[in-house]
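Subject: The two-chain model, and what turned up in it

Hi,

Here is the structure I promised to pass on. Have a look at it first, and then read on for what I found.

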Amino acid sequence: MDATLQTKPDPGTQAGGCCGCCPPEPTKLTEVTEPAIRLLVDRFYAKVRDDAELGPIFRRTVADWDTHLSTMRDFWSSIMLTSGRYHGNPVTAHRRIEGMTPALFEHWLGLFAETCNELFDEAVAATFMDKARRIATSLNLALFYRPEHDRPRSAP
Amino acid sequence: MTFVVTENCIKCKYMDCVEVCPVDCFYEGKNMLVIHPDECIDCGVCEPECPAEAIFADTEPGLDTWLTLNAEYAQVWPNIAVKREPPPDAKDFDGVPDKFEKHFSPAPGQGDTDGDGAAPPDSPQDEAAP
């Protein structure tokens, strides 16, 4: 599924380039919609699974990718479209993952930004990234910088 | 970083926020809601949903007292993720000054487990890590 996604042209790709000899300029999505979120989530996690740093952690943690992708679509739909479809506890979920480090959040954000910029125009990509950065910072603080949490931290 | 419920929620308690919160981090007092600062992921979805404009990011100045109150009562009040009817006089109290001194109650609200408040329709997704 992921390999297929990667080889597909971008949505809304225009036929023909500027002069007929260049590759066509992909049209960036300008709206946050459920199909756009699906596209983002599927493409992002295809990258994650191939990523040298994140891939091993996700492969170790995610037992069922179909379920995970569906959950992540619900998550981003709840964040971006206030659909209320996701109900969960990301702090607890991340706390269970062995090998988490603050640097991994940064790496995750880099890959997410890359995917957003491929699919969306500047404004929409910025909206996604604003949310993603806030959530990453919040999870980072919850995992590594709150002394009252019981599990020992693997990073300062 | 977290969002914080402040004074104008008191006696208004519209509960629009609890429906959109993806991490179910709202807790219900008798006449006010609070956010659990350790559970909030700072997504900001709740802030524009509040008709009373009582929710702010903790990065705004002057919210220390409210942050403390949210943290304290989130430990003892019941969780709420399903909206109910707001108080019939909610609009009358919207914007009224000194609500904390005059009306704040430390008593718990009913949360989702009593009355008509069913559990959230979706199954918990605790395993889901973005």
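One term before anything else: a residue is called buried when its relative accessible area is under 20%, exposed when that value is over 50%, and partly exposed in between. Please also keep in mind that this is a predicted model.

**Chain A**

By that cut-off, 47% of the 156 residues in chain A are buried. Its secondary structure comes to seven helices and zero strands, so reading from the N terminus you get α-α-α-α-α-α-α by the DSSP runs used here. Of the contacts in chain A with a separation of 6 or more, 68% are between residues 24 or more positions apart.

**Where the chains meet**

On the chain A side, 33 residues are in contact with 28 residues of chain B. About 2600 Å² is buried between the two chains, and carbon and sulfur atoms give 52% of that area.

How many salt bridges are there between chain A and chain B? The count is one. That salt bridge pairs B:Asp42 with A:Arg134, with 3.5 Å between the closest N and O atoms. On chain A, the elements that give two or more residues to the side touching chain B are helix H4 (65–81), helix H5 (90–95) and helix H7 (122–144). Sorted by class, that side of chain A has 14 nonpolar, twelve polar and seven charged residues.

**Salt bridges within the chains**

As a general point, side chains of opposite charge can pair when their charged atoms come close. Over all chains, the search finds ten salt bridges.

- A:Arg85 pairs with A:Glu34, the closest N and O atoms being 3.2 Å apart. This links distant parts of the chain: A:Arg85 sits in the loop between H4 and H5 of chain A and A:Glu34 in helix H2 (residues 34–50), 51 residues apart. A:Arg85 counts as partly exposed because its relative accessibility is 31%, and A:Glu34 also counts as partly exposed, at 30%.
- A:Lys47 pairs with A:Glu118, with the closest N and O atoms 2.8 Å apart. Here the link runs from helix H2 of chain A, which holds A:Lys47, to helix H6 (residues 102–119), which holds A:Glu118, and the two are 71 residues apart. A:Lys47 is buried, with a relative accessible area of 15%, whereas A:Glu118 is partly exposed at 26%.
- In chain B, the side chains of B:Asp16 and B:Lys83 meet in a salt bridge at 3.2 Å, N to O. B:Asp16 is in helix H1 (residues 16–20) and B:Lys83 in the loop between helix H2 (64–74) and helix H3 (90–93) of chain B, 67 residues apart. B:Asp16 has 24% relative accessibility, so it counts as partly exposed, and B:Lys83 is partly exposed at 29%.

Some of these bridges share partners: A:Arg43, A:Lys47, A:Glu114 and A:Glu118 are joined into one network.

B:Lys99 lies in helix H4 (residues 99–103) of chain B.

**Two backbone angles to look at**

Most residues other than glycine have a negative phi. B:Lys13 has a positive value, near 40 degrees. B:Lys13 is in the loop between strand S1 (3–5) and H1 of chain B, and at 6% relative accessibility it counts as buried. B:Asp24 also has a positive phi, near 50 degrees. You will find B:Asp24 in the loop between H1 and strand S2 (26–28) of chain B, where it counts as buried because its relative accessibility is 15%.

Cheers

Key. Residues are numbered from 1 along each chain as its sequence is written. Chains are lettered from A and ligands numbered from 1 in the order in which they are written. This is a predicted model: local features need pLDDT of at least 70, side-chain atom pairs count only at pLDDT 80 or more; totals for chains, interfaces and linings use all residues. Side-chain values use heavy atoms; hydrogens and water are left out. Helices (H or I, at least four residues) and strands (E, at least two) are DSSP runs, numbered from the N terminus. Contact means heavy atoms within 4.5 Å. Buried area is the accessible area (1.4 Å probe) that two parts lose on being put together, summed over both. A salt bridge is a side-chain nitrogen of Lys or Arg within 4 Å of a carboxyl oxygen of Asp or Glu. Ala, Val, Leu, Ile, Met, Phe, Trp, Tyr, Cys and Pro count as nonpolar, Asp, Glu, Lys and Arg as charged, and the others, Gly among them, as polar. Buried means under 20% relative accessible area, exposed over 50%, partly exposed in between (1.4 Å probe, protein chains only).
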